[in-house]
Amino acid sequence: SRPGPGPCSRALGALPLWPVMADIYGTATMDMASWRSAVLADWRLLEVAPESLRGEHGVMLGVASQNGLLLELATEELRRDRQVALAAVKNTDEALKFVDGSLSTDGSFVAEAVRLNPMVLSVVEPRFRADRSLMWDIVQRNWKMLEHCSPELKADWQLVLMAAKQLYKALQHAADILLFDRKFMLEAVGMNWKSLEYTPQKLRADKEIILLGVKADHNAIEHASLELREERAFMLQATKTNDGVLAHLPENGVVRSDVEFWVGVARELPNPKCWQLPLEKYGPPWLSTSKKFMDMAIKRDWQALDFASEELKGDPDLVSEGVKQSWRAAEIATVVSADIMVVALKQDWRAILRFLRGPYEEADLLRLLRINPTAVQAAVLHNKREPVLAAVRTAGECLQYASKDLQADKEVVQAAVHQTWKALRFASEELRGDRKLVVGCFIQSGLALQYATEDLRSDQRVVVEAMTRNEGAFEFANECLHKDTAFWEVLARRFPHSTWKQWQKKGRQHPIPKGENPG
């Protein structure tokens, strides 16, 4: 008689294989060697093969490796064979029901079977799933096996954390008693902020747990309770922990519309340019019109003034705060008072350029030039007499910035050299040859001789006058005087204690003046 449906047919979900196989292979004419080869090549033939093959170790080991369910057809002896049984359960966990009880109840066999096929855990006896040592070894290799642990082991702090350390999703199998344990969740979130996904609602209102997650990744704030996310102080603390939190503020939320929150962000975040986050990325558009916020932003960084509304760019308090930090804030401002410009100009002469762009009073300009006379170097001021006069009266050397015409203006030059003899250097050739002007400079220092024209530096009386104020002026006398013996006699009479030294330095190649004794 022909056999009914066997495990091979059931595995395929088809009609009994006997008629098909008989037609294909001509089984009536096959010898045992051919059957062995055929079965190992196609496990489905075992159902119609001679029963003696079901007791052959090599054959059953081969077919069980291909389809573990064929262990059902093996002899009782082979179902007790550890090697064959392991091959079968490695292929499918369902084969365990065909393994002899002496093996399926053996802890070492179960452990090895699970190592080969973790899904075996779903069909083993409950006592194995409660064996901590066994399950620790199994879960350590694959966190997913936590699902098959006993309820007691799913509440095992160390075991669950070990699984979660592999992947936070292991917490989906943890017992509620652990998930509601604050200390446990702190440790879990500390390992991976994504553990917050499994945090119960009660602990999502725990500031320490949420902040721990936020420290690792700003997306953690999404797991905070609604109450926390609407609390200004907490959200400010979260933002200080990780400024990416600002990206998660609800568009129409309470915190996003709270100006005090944004002032806190500008005040408390460590980066001086933290104001950029509200103004350029995350804050509401109206922040640029809030004087309270802009005041704090500018106190942290004057460049924030550039993002203020046009009206606030002219606010004297905000402009003043910005200019205190950098004169460049004046360039951003729409309105700059004279008093604020004084502060800017004390920092850098270029601030005058901002002042000159708008309407101004001449008196204010002159006042500013007296504060920083180097501002006269602005191109539009070079040829303006009154501004140049104001500058050189404060700092004579600013004559260098005056136009050629003003460097030839006697009143301007006189004012400059009155302030410092060094300004003579920048006077016109004609005025540097003005005896009265040059000699007047000697009152401050005879060294002014160096800037006089060659004619004056060749004049004995002028040189002696200069030396009367500073004997070092001799160095700048024209070479012709160094060779003039009569001039040396004048020096010897006028400066009896130092002529020899001068001759030693400058006149050694010339005759020794009368009355001088080198010995």
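## Before we start

Because this is a predicted model, local features need pLDDT of at least 70 and side-chain atom pairs count only at pLDDT 80 or more, while totals for chains, interfaces and linings use all residues. Residues are numbered from 1 along each chain as its sequence is written, and side-chain values use heavy atoms, with hydrogens and water left out.

Two packed helices are described by the angle between their axes and the distance between the axes. The names of helices come from DSSP runs (H or I, at least four residues, for helices; E, at least two, for strands), numbered from the N terminus. An axis is a line fitted to C-alpha atoms, for helices over the stretch in contact, and angles run from 0 to 180 degrees between N-to-C directions.

Helix α6 covers residues 82-91 and helix α8 covers residues 107-116. Their axes are 9 Å apart and the packing angle is about 40°. How are α6 and α8 oriented to each other? They are oblique; angles under 35 degrees count as roughly parallel, over 145 as roughly antiparallel, 65 to 115 as roughly perpendicular and the rest as oblique. The crossing of α6 past α8 is right-handed, a word used if the near helix is turned clockwise from the far one by less than a right angle, with left-handed used if anticlockwise.

## Who touches whom

Contact means heavy atoms within 4.5 Å. On the α6 side, the residues that meet α8 are Arg82, Ala85, Leu86, Val89 and Lys90. Their partners in α8 are Ser108, Phe109, Glu112, Ala113 and Leu116. By class, this contact of α6 with α8 holds six nonpolar, one polar and three charged residues. For these classes, Ala, Val, Leu, Ile, Met, Phe, Trp, Tyr, Cys and Pro count as nonpolar, Asp, Glu, Lys and Arg as charged, and the others, Gly among them, as polar.

Let us zoom in on leucine 86, which lies in helix α6. Is leucine 86 buried or exposed? It counts as buried, at 9% relative accessibility; buried means under 20% relative accessible area, exposed over 50%, and partly exposed in between (1.4 Å probe, protein chains only). Not counting residues up to four places away in sequence, leucine 86 touches Phe109, Glu112, Ala113 and Leu116.

## Another partner for α6

Helix α4 (residues 57-66) also packs with α6, at an angle of about 15° and with the axes 7 Å apart. That makes α4 roughly parallel to α6. Here α4 passes α6 in a left-handed crossing.

From α4, the contact uses His57, Met60, Leu61, Ala64, Ser65 and Gln66, and from α6 it uses Gln83, Val84, Ala87, Ala88 and Asn91. This contact of α4 with α6 has six nonpolar, five polar and no charged residues.

## Helices α14 and α16

Further along, helix α14 (residues 207-216) and helix α16 (residues 232-241) have axes that come within 9 Å and cross at roughly 30°. The two helices are therefore roughly parallel to each other, and α14 passes α16 in a right-handed crossing. The residues in contact are Lys207, Ile210, Leu211, Val214 and Lys215 of α14, with Phe234, Gln237, Ala238 and Thr241 of α16. They divide into five nonpolar, two polar and two charged residues.

Aspartate 434 sits in the loop between α28 (429-432) and α29 (435-441). It counts as buried at 18% relative accessibility. Leaving out residues up to four places away in sequence, aspartate 434 touches Lys410 and Leu456.

Lysine 384 belongs to the loop between α24 (362-371) and α25 (385-394), and is partly exposed at 38% relative accessibility. Beyond its neighbours within four places in sequence, lysine 384 is in contact with Tyr360 and Leu406. Glutamine 140, in helix α10 (residues 132-141), is partly exposed too, at 46%. From glutamine 140 to glycine 396 it is 256 residues in sequence and 85 Å in space, C-alpha to C-alpha.

## The cysteines

How many disulfides are there? The count is zero, where a disulfide is a pair of cysteine sulfur atoms within 2.5 Å. For cysteine 441, the closest cysteine sulfur is in cysteine 398, 16 Å away, which is too far for a bond. Cysteine 441 is buried at 1% relative accessibility, and cysteine 149 is buried with a relative accessible area of 6%.
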